[in-house]
Amino acid sequence: MSGLIPWRPLSETFGAEADIDLSQPFTPQMLEAWRELFRTRHLILVRCGALETEAQERATRAFGELLVGRDAQDQPSTLTYVSTNEEKGGLGTTELAFHSDFSFTPKPLEGICLYGDSVVDGASSTKWISAIDGYNGLSPSLRKRIADLKVVNVISNIRLKRNRFNGCEPTLPATTHPIVRHTPSGEAFLYVNEAQTDHIVGLSAADSDAILDELFASLYASGRVVEHPWRKGDLVIWNNWVLQHARGEVSGVGERTLRRFQIGGVPLAEQFPDFMATMRATYGRGLVPAGYD
Ligand SMILES: O=C(O)CCC(=O)C(=O)O
Ligand SMILES: [Fe+2]
């Protein structure tokens with residue numbers, strides 16, 4: 001598609017590969033076009049080649065305040081890394097099931113930006129689905145059934161599969177969210193995901209699981225997934241409410257280090273101070289912010 005920022009769709013409903021030079025500050029018109037593309041497509045991929053960290057930060061900040069996380073040395077920083085090399089960053093090599101960062105807190109991240117800093121071209125990927133598509137794929141009767149229901153989302157203690165409340169310490173963070181949420185422009189989307197959703201409030205375990213199975217089937221239907229194989233210099237930025245992300249195992253893919261900025265949200269240490277204090281006293285530096293997303 002043409003316009004100020006030429007782009008092509010990554011799927012019918014979401015994702016745009018955009019042709020834009022992010023190394024330069026935005027003109028006011030470009031900033032508006034960049035924001036509009038993000039608002040309508042929810043995910044933007046730019047094949048940047050070499051890009052300064054400051055330029056990635058600027059491109060991300062266009063969509064809101066950046067969250068101050070913890071770097072690999074446990075220092076506060078807006079810049080963090082996802083890396084197979086634990087001296088550089090977090091998340092190791094395990095598969096990550098579909099999730100939305102901080103969905104188990106009252107203030108999930110609004111967006112995430114990753115940049116291929118040190119990757120073997122084509123050796124690993126990240127996957128996304130749209131929770132708007134997931135909602136639109138439901139039958140009218142199921143939409144009606146879930147309209148006023150809520151779920152409890154729990155921390156992703158185990159990263160590659162469903163986390164259950166009964167497998168967690170009672171002190172671990174968990175938060176109740178409506179199943180159906182809406183974007184600022186009024187589109188309904190599902191706020192349940194396969195890694196972090198435990199149960200629907202007020203239903204028997206069997207009824208809850210039966211509905212969640214149907215929601216997951218719609219969310220993760222084959223054909224709805226956008227997968228991006230990383231190349232060095234790729235930048236991807238996405239809406240963490242409307243899209244969920246996942247990855248396969250990344251052992252044996254060589255070094256995989258992605259530079260990361262986070263939009264919005266509130267640090268876990270502020271949302272769950274007791275939990276963080278206990279975890280820090282037990283495990284020491286850095287373990288919680290890096291691992292628990
Ligand atoms: O490593 C990836 O592909 C995704 C990592 C992730 O879950 C994140 O950055 O929030
Ligand atoms: Fe994540």
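**Ground rules**

I number residues from 1 along each chain as its sequence is written, with chains lettered from A and ligands numbered from 1 in the order in which they are written. Because the model is predicted, local features need pLDDT of at least 70 and side-chain atom pairs count only at pLDDT 80 or more, while totals for chains, interfaces and linings use all residues.

**Entry 1: domains**

I looked up the domain assignment, whose bounds come from an automatic or database source. Domain 1 takes in 7-95 + 110-122 + 230-291, and domain 2 covers 130-219. I find 24 Å between the C-alpha centres of domain 1 and domain 2. Each domain puts 12 residues into the contact, where two residues are in contact if their C-beta atoms, placed from the backbone, lie within 7 Å.

I then asked which elements of domain 1 face domain 2. Strand E18 and helix H7 (273-283) each supply at least two residues of that side; helices (H or I, at least four residues) and strands (E, at least two) are DSSP runs, numbered from the N terminus. H7 gives the most, with three residues. By class, I note five nonpolar, five polar and two charged residues on this side of domain 1. In this scheme Ala, Val, Leu, Ile, Met, Phe, Trp, Tyr, Cys and Pro count as nonpolar, Asp, Glu, Lys and Arg as charged, and the others, Gly among them, as polar.

**Entry 2: the four-stranded sheet**

I followed E18 into an open sheet of four strands, ordered E8-E18-E10-E16 and paired antiparallel. Two strands pair if DSSP finds at least two bridges between them. Strand E8 (96-99) and strand E16 (226-229) are at the edges with a single partner strand each, so one side of each has no neighbour in the sheet. From one strand to the next the twist averages 15°; axes are lines fitted to C-alpha atoms, for helices over the stretch in contact, and angles run from 0 to 180 degrees between N-to-C directions. Inside this sheet, E10 (residues 125-130) and E18 (residues 243-247) share four bridges.

**Entry 3: the three-stranded sheet**

A further open sheet has three strands in the order E12-E11-E15, again with antiparallel pairing. Strand E12 (174-178) and strand E15 (197-200) form the edges; each has a single partner strand, so one side of each lacks a neighbour in the sheet. Here the twist averages 30° from one strand to the next. I count three bridges between E11 (residues 150-154) and E15, and Val152 stands opposite His199 in E15.

**Entry 4: strand E19**

How many of the residues of E19 are buried? In E19 (residues 257-263), six of the seven are, a residue being buried if 20 or more other C-beta atoms lie within 10 Å of its own, exposed if 12 or fewer, and partly exposed in between, with C-beta atoms placed from the backbone. E19 pairs antiparallel with E6 (residues 80-83) over four bridges, with Ser83 opposite Thr257. E9 is also antiparallel to E19, through seven bridges, and Ile112 has Gln262 as its bridge partner.

**Entry 5: ligand 1**

I looked at the 11 residues around ligand 1, and Val82, Leu96, Asp101, Thr126 and Arg247 come nearest. A residue is near a molecule or strand if its C-beta atom, placed from the backbone, lies within 6 Å of it. Strand E9 (111-118) and E18 each give at least two residues to this shell. I sorted the shell residues into five nonpolar, two polar and four charged.
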